[in-house]
Amino acid sequence: MNIMIIDDQEIVVEELSLILKQAYCVDNLYYASDGIEAVELAETILADLILLDLSMTGELDGFATLEKLRKLLPEAKIVIFTMVDNLEYQKKAYEAEADGYLIKQLNRGAMIDSLDQILASYKVFNEDVIKAVSEQ
């Protein structure tokens with residue numbers, strides 16, 4: 001599996017890399033520290049799973065990066081991985097075709113369980129978000 005981590009905090013990238021390598025058969029791990037770098041990387045590689053922070057420095061925020069990555073890698077599972085626990089942000093991510101929205105405060109087991117569901121083609125969002133979007 002090819003995984004891309006997009007986050008501007010080195011410690012988050014290192015810890016996430018370790019967890020992912022222990023949980024999955026990882027062929028390649030790619031890193032980007034901002035949206036521009038992520039989009040450039042997505043133009044040259046195929047990622048199966050992308051973990052994307054919303055709050056990054058640079059010209060593209062997480063949502064703009066999500067939109068561009070979704071167009072470049074339509075088959076990839078794109079997961080928002082952020083400190084921002086906000087239902088409006090989750091709804092926006094859902095509508096922008098993210099596959100999940102995970103809060104960085106999750107424990108390791110819950111994170112892996114959520115990623116397993118996403119990799120099995122289930123959407124992982126707060127139930128209130130899914131209910132609100134399905135009622136529109």
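Which residues is L115 in contact with, leaving aside its neighbours within four places in sequence? Here are a few notes on this predicted model, starting with that residue.

1. L115 sits in helix 5, which covers residues 108-119. Beyond its neighbours within four places in sequence, L115 touches L20, Y24, L49, L51, V79 and L102. L115 has a relative accessible area of 0%, so it counts as buried.

2. Helix 3 (residues 62-72) is worth a look next. Its buried residues are G62, F63, T65, L66, L69 and R70. Viewed down the helix axis, they fall within an arc of 155°, so they line one face of helix 3. Among the elements covering these buried residues are strand 1 (2-6), strand 3 (49-52), strand 4 (77-82) and helix 4 (87-95), along with helix 2 (35-42).

3. Do check the start of helix 3 too: there, a side-chain oxygen of D61 comes to within 3.1 Å of the backbone nitrogen of F63.

4. How do helix 2 and helix 3 pack? Their axes come within 10 Å and cross at roughly 0°. The two helices are therefore roughly parallel. On the helix 2 side, the contact involves G35, A38, V39 and A42, which meet T65, K68, L69 and L72 of helix 3. Sorted by class, this contact has five nonpolar, two polar and one charged residues.

Definitions and conventions. Residues are numbered from 1 along each chain as its sequence is written. This is a predicted model: local features need pLDDT of at least 70, side-chain atom pairs count only at pLDDT 80 or more; totals for chains, interfaces and linings use all residues. Side-chain values use heavy atoms; hydrogens and water are left out. Helices (H or I, at least four residues) and strands (E, at least two) are DSSP runs, numbered from the N terminus. Buried means under 20% relative accessible area, exposed over 50%, partly exposed in between (1.4 Å probe, protein chains only). Contact means heavy atoms within 4.5 Å. The arc is that of the directions from the helix axis to the C-beta atoms. A polar contact is a pair of N or O atoms within 3.5 Å; within protein, one must be able to donate a hydrogen and the other to accept it, and residues adjacent in sequence count only if both atoms are side-chain atoms. Axes are lines fitted to C-alpha atoms, for helices over the stretch in contact, and angles run from 0 to 180 degrees between N-to-C directions. Angles under 35 degrees count as roughly parallel, over 145 as roughly antiparallel, 65 to 115 as roughly perpendicular and the rest as oblique. Ala, Val, Leu, Ile, Met, Phe, Trp, Tyr, Cys and Pro count as nonpolar, Asp, Glu, Lys and Arg as charged, and the others, Gly among them, as polar.
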